[in-house]
Each structure stands twice: as structure tokens, then as C-alpha cells.
Amino acid sequence: MLADLTANSVADALARREVRPLDVVERAALDRAPALDALHALRPAARVKVIAEIKRASPSRGALASIDDPAELARLYELGGASAISVLTESRKFKGSLADLDAVRAAVALPVLRKDFIATPYQVFEARAAGADLVLLIVAALDDRTLLELYELITSLGMTALVETHSGEELERASAIGARLIGVNARDLSSFELDRDLFGRLADRFPSDAIRVAESAVLSAADVAHYRAAGADAVLVGEALVTGDPMANLSAFLAV
Ligand SMILES: O=C(O)c1ccccc1NCC(=O)[C@H](O)[C@H](O)COP(=O)(O)O
């Protein structure tokens, strides 16, 4: 499933003839205003931080929300107290796009994450060219050499990598490349099963200087409290915000 999604996100762009020559995308990436400091925005604090996601659909849940104006939703997230915005840019299963990211970037002053199946340097330049400040790297989808190559490219462009893991072994691989922002995703990428206790089981295996993000499966303030008690500095939330009242939910999550 994960390999399919990774290959499809690249194939999709090719099929839609969206692929500009690499040198053009590189130039567009370098011409962007400097990336915002996501490590500062998400630094550990007395209160948990929220990375709020623009999510129309997903492989596990199908259609979630129509989201005609992602910029407007991002502005609500900013008003509601989110510390960063995650934009799913994969089109086939998540119905997202780089145009969504570009629109969100223009609308808010918060760091913006390109959440996608990133496997090539081209996609990293593309992310920066669209205004991303953060790029997701899924350890399970990348061999060690590619993981390091993409991590170094992301940081050399002034962006921050959110390095996503699902096991102790993946946390060690994230640690070995010097990742400073590390997520544990509660969603198994093959079965889609949710395990809210995975974060807690892995919490003491994070590098001591890393920011700890609990990803997925936050449906209530109690879920945020569960992750916070296990040591999360931030939670990444999609479904609960796009299917419910984003302002009310953010307020409840930030009050934990
Ligand atoms: O959401 C899915 O079904 C999914 C399936 C396969 C790979 C990734 C998937 N989601 C991406 C995410 O990581 C989530 O959108 C994000 O963590 C927010 O999750 P949630 O709050 O549970 O919507």
C-alpha cells in the first residue's frame, strides 16, 4: 500500500503533466522567501502544540470533507491557536494538491508541512517552491541512503523534516540521521489500524533533543491528554478538525 501510494504520487504528477523541468523547480524553490522556523514554532512548551491538517479524504476513511477553500480553513486553524498547518498534497487518495499548499502558505504566518509520500529530491524542491516550511519523510518508505539524502536536502533548503516512524527500529534510523522533529504515527500504513498506545511505548526511545509528535487518531481532548501524558510535545490532527467544529475542537485540544 505504502509503495503504491509513493509511486502513485509521482505517477500522478507525471500523468497530469505537472512536472516542470528540475532546474525550473529548483529556481522556484530558491526564489521563495526563507522557510519559517518550524522547530521554534513546535518547541516543547507548558501546553501541547497542535499541527492542524487540511485533509479532504484518506485511504482508510474515504471522503471526509469537501474543503473548497483550504486557505480559509488554514486561517481558522491559525486563529484557533494551531502552531503549524499540515497540507496533504497527494491527489489520488487524499484529494490534495500543491496548489492547496501554495494557497495555505499565502494565507497564514504559520509553518506549513507538505504531507505526502516523498521519495525524490524533485518532490522536495517542489515542496519548497510551493512554500513549504516542513516536509514529511516516512522512514518505512525509504532506504537509509535516500532517507539521509532527502533529509540533508530538506535542511539545506532551510526547511525542517518531520521524520515519521512506527517502531523502535525506525526511531533509531530517524535518530541516526540527526532528526530533530520526529513523529510516531498511530496508523499502521498497511492495515490502517490505529494504535494510540504506540507513541507511549516508543516515547523513551526518542533522542533527548528531539521534538516528539504524536500523529493520527486524535478524535477528542481525551486522546490529546493520552498522548500528552505519554510525552508528546505536539499532536498532528486531521479528521477531527475537518469533520467537526475546528475552532471548538482546537480550543478543547489546546486546553489539555
Ligand atoms: O489517513 C489515512 O488513512 C492514511 C493512510 C495511509 C497513509 C497515511 C494516512 N494518513 C496520513 C496521516 O498521517 C494523517 O492524515 C494524519 O496523521 C492525521 O490523522 P488523523 O487525525 O487520524 O486524521
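In helix 5 (residues 98-107), the buried positions are Leu98, Asp100, Leu101, Ala103, Val104 and Arg105, a residue being counted as buried if 20 or more other C-beta atoms, placed from the backbone, lie within 10 Å of its own, as exposed if 12 or fewer do, and as partly exposed in between. The cover over these residues includes strand 1 (49-54), helix 4 (70-80), strand 4 (84-88), strand 5 (112-115) and helix 6 (121-129), where contact requires C-beta atoms, placed from the backbone, within 7 Å of each other. The structure is a predicted model, in which local features need pLDDT of at least 70 and side-chain atom pairs count only at pLDDT 80 or more, whereas totals for chains, interfaces and linings use all residues. Residues are numbered from 1 along each chain as its sequence is written.

The secondary structure of the protein comes to 12 helices and 10 strands, taken as DSSP runs numbered from the N terminus (helices, H or I, at least four residues; strands, E, at least two). The radius of gyration is 17 Å, close to the 18 Å given by the globule rule for 256 residues, so the protein is as compact as a globular protein of that length; the radius is taken over C-alpha atoms, and the rule is 2.2 Å times the number of residues to the power 0.38. Of the 256 residues, 49% count as buried.

In helix 8 (residues 168-176), Glu170, Leu171, Arg173 and Ala174 are buried. Viewed down the helix axis, the buried residues of helix 8 fall within an arc of 160°, so they line one face of the helix, the arc being that of the directions from the axis to the C-beta atoms. Gly168, Glu169 and Ala176 are exposed on the other side of helix 8, while helix 7 (144-156), strand 7 (160-165), strand 8 (181-185) and helix 9 (198-202) are among the elements that cover its buried residues.

Strand 10 pairs in the parallel sense with strand 1 over four bridges and with strand 9 (residues 211-215), also in the parallel sense, over three bridges, pairing being assigned if DSSP finds at least two bridges between two strands. Val235 in strand 10 stands opposite Val50 and also opposite Ala214. Ala234 and Leu236 point one way from strand 10 and Val235 and Val237 the other way, all of them buried.

How values were computed
Two residues are in contact if their C-beta atoms, placed from the backbone, lie within 7 Å.
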